[in-house]
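Colleague: I have a model open and would like to go through it with you. Can we start with the charged side chains and then move on to the rest?

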Amino acid sequence: MTDLETQRKMIERSLEDIYSYEKQALDLLAKRFEGKEDHPNYAELKALLIDQINDELKDYATELRATEDRTGRTGKGSH
């Protein structure tokens with residue numbers, strides 16, 4: 001996948017998609033390490049997942065702002 005394809009895919013991702021992925025990934029991680037939550041890999045993987053989600057949310061917000069700047073629309077006060 002090229003950088004441009006990756007960027008387009010990120011733009012197509014909604015907040016609902018990001019949060020759905022987060023929930024599914026955290027659920028799967030918890031199931032995989034059930035009863036072993038004190039395992040160092042669990043903590044490391046969970047931290048990496050949270051970092052990934054935060055990065056995706058920042059990217060989403062940045063792209064949203066850029067789109068609003070390009071179109072001149074902020075969505076505030078418009079009906």
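**Salt bridges and helices**

Modeller: Arg-13 and Glu-56 form a salt bridge through their side chains, 2.4 Å from N to O. A salt bridge here is a side-chain nitrogen of Lys or Arg within 4 Å of a carboxyl oxygen of Asp or Glu. This is a predicted model, where local features need pLDDT of at least 70 and side-chain atom pairs count only at pLDDT 80 or more, while totals for chains, interfaces and linings use all residues. Residues are numbered from 1 along each chain as its sequence is written, and side-chain values use heavy atoms, with hydrogens and water left out.

Colleague: And pLDDT is what?

Modeller: pLDDT is the predictor's confidence in each residue, from 0 to 100.

Colleague: Is Glu-56 buried or exposed?

Modeller: Glu-56 is buried, at a relative accessible area of 16%. Arg-13 is partly exposed, at 28%. Buried means under 20% relative accessible area, exposed means over 50%, and partly exposed is in between, with a 1.4 Å probe and protein chains only.

Colleague: Where do Asp-27 and Lys-23 lie?

Modeller: Both are in helix 2, four residues apart, which is about one turn of the helix. Asp-27 is partly exposed, with a relative accessible area of 41%. Lys-23 counts as exposed, at 52%.

Colleague: Staying with helix 2, which residues are buried?

Modeller: Ile-18, Ala-25 and Leu-29 are buried in helix 2. Viewed down the axis of helix 2, its buried residues fall within an arc of 40 degrees, so they line one face of the helix. That arc is taken from the directions from the helix axis to the C-beta atoms.

Colleague: What is on the face turned away from the buried side of helix 2?

Modeller: The exposed residues Glu-16, Lys-23, Gln-24 and Lys-31. As for the buried residues of helix 2, what covers them includes helix 3.

Colleague: And which residues are buried in helix 3?

Modeller: Tyr-42, Leu-49, Ile-53 and Glu-56 are buried there. The buried residues of helix 3 pack against helix 2.

Colleague: Where does Leu-15 come in?

Modeller: Leu-15 is in helix 2. Leu-15 is partly exposed, with a relative accessible area of 36%. Setting aside its neighbours within four places in sequence, Leu-15 is in contact with Leu-57 and Tyr-60. Between Leu-15 and Glu-56 there are 9.3 Å in space, C-alpha to C-alpha, and they are 41 residues apart in sequence.

Colleague: How far does helix 2 reach?

Modeller: Helix 2 has 18 residues and reaches 26 Å from its first C-alpha to its last, close to the 26 Å expected at 1.5 Å a residue. The expected span is 1.5 Å times one less than the number of residues. For helix 3, with 32 residues, the span should be 46 Å, and its end C-alpha atoms are 47 Å apart, which agrees.

Colleague: What follows helix 3?

Modeller: Gly-72, with a positive phi near 80 degrees.

Colleague: Now the overall picture. How many helices and strands?

Modeller: Three helices and zero strands. Of the 79 residues, 10% count as buried.

Colleague: Which element has the lowest mean pLDDT?

Modeller: Helix 1 has the lowest, at 62, and helix 2 has the highest, at 96. The mean for the protein is 85, and 77% of its residues reach 70 or more. Where pLDDT is low, the predicted coordinates should not be read in detail.

How values were computed
Helices (H or I, at least four residues) and strands (E, at least two) are DSSP runs, numbered from the N terminus. Contact means heavy atoms within 4.5 Å.
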